[in-house]
Amino acid sequence: MNPGVAVEVADVRRAFGSNVVLAGFDLNARPGEFVAVVGRSGSGKSTLLRLLAGLDRPDGGRVHIDGAPLRGVCPVARVVFQDGRLLPWFRVGPNVALGLSGDARGRANEMLARVGLADRASDWPAVLSGGQRQRVALARALAGEPRLLLLDEPLGSLDALTRIEMQRLIEDLWLAGRFTTVLITHDVDEAVTLADRVVLIAAGRVAGEWPVEIPRPRRRDHPDFGRLARTILDAVMTPTRPPKE
């Protein structure tokens, strides 16, 4: 896979009417870095992801990918959403092959094998479990050989055991591909498990950043894991004032 890209978000503002979601927001990611973004509901996490994907535009500030201003949909990014967004009228294989050129079927089958679903290419999405649908969505994203992978609460609707399995899968795929990854999550433990760095959004700005220096693969019984997770959770729970218009 291609190496990851550098991401720069500088002094970004985004408002919806009188609701200011991001105000003077700054974020950088190094090529190949895994950044997790946490925060309360409505803090602007998903808005940030849409800006990085080029699915939305800021009202002010700039978004640069590898030093170039982002105009329109980001061509090197792929997004995995919480609901998977598989097309129900396509079988699993064609869902993964969407938008691919050349040997699309072969590429789709390769990616399905990497996420443990090599035998499900001819199934309909409706017969898959929630975890399997998210694996298909992840395979579809990786089939496009992203240099920037954007994960918008992709595991939020899964049961606890499936969530842990998917966290391990995401980490393994990231270690193999080293694409830059931005994960949006409400789960602080998930952020500490996966990320090189955890960023907290509050009041439309970065309210805290924590490097995660625990060796991989990370165990939740590691003494530093619990300390860091509690520190971040305390910061998330600290009341903040909404950004000014």
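## Contacts along the chain

Among contacts in the protein between residues at least 6 apart in sequence, those joining residues at least 24 apart make up 69%. Contact here means heavy atoms within 4.5 Å. The structure is a predicted model, in which local features need pLDDT of at least 70 and side-chain atom pairs count only at pLDDT 80 or more, while totals for chains, interfaces and linings use all residues. Residues are numbered from 1 along each chain as its sequence is written, and side-chain values use heavy atoms, with hydrogens and water left out.

## Overall build

The protein has seven helices and ten strands. These are DSSP runs numbered from the N terminus: helices are H or I with at least four residues, and strands are E with at least two. The C-alpha trace spans about 50 × 45 × 30 Å along its principal axes.

For 245 residues, a compact globule would have a radius of gyration near 18 Å, and the protein agrees with this because its value is 18 Å. That radius is taken over C-alpha atoms, and the globule rule is 2.2 Å times the number of residues to the power 0.38.

## Surface and charge

Of the 245 residues, 50% are buried. Buried means under 20% relative accessible area, exposed means over 50%, and partly exposed lies in between (1.4 Å probe, protein chains only). The protein exposes about 11700 Å², and carbon and sulfur atoms supply 50% of that area. Accessible areas come from the Shrake-Rupley method with a 1.4 Å probe; for residues, only the protein chains shown count as cover.

There are 33 positive and 29 negative side chains, and the centres of the two sets are 3 Å apart. Lys and Arg count as positive, Asp and Glu as negative, and His and the chain ends are not counted. Each charge is placed at NZ of Lys, CZ of Arg, CG of Asp or CD of Glu.

## The annotated domain

An unreviewed UniProt entry places the feature "domain: ABC transporter" at residues 7–228. UniProt positions are given in the numbering used here, feature names are shortened, and annotations may be inferred rather than shown by experiment. In the model this span is 32% helix and 27% strand, and its end C-alpha atoms lie 25 Å apart.

## Helix α1 and backbone angles

Helix α1 covers residues 45–53, and seven of its nine residues are buried. Among the buried ones are K45, T47 and L48. G54 follows α1 and has a positive phi near 80°.

Two residues other than glycine also have positive phi. D66, in the loop between β4 (60–65) and β5 (68–69), has phi near 50°; D66 counts as partly exposed because its relative accessibility is 41%. A203, in the loop between β9 (197–202) and β10, has phi of about 55°, and its relative accessible area of 22% makes A203 partly exposed.

The peptide bond from R216 to P217 is cis, with omega near -10°. P217 sits in the loop between β10 (205–211) and α7.

## Helix α7 and the segment after it

L228 lies in helix α7 and counts as buried, at 14% relative accessibility. Beyond its neighbours within four places in sequence, L228 is in contact with V192, W210, P211 and V212. The C-alpha atoms of L228 and G72 are separated by 37 Å, and the two residues are 156 residues apart along the chain.

P239 lies in the segment after α7 (223–237). P239 is exposed, with a relative accessible area of 72%. P239 and R40 are 199 residues apart along the chain, and their C-alpha atoms are separated by 10.0 Å.
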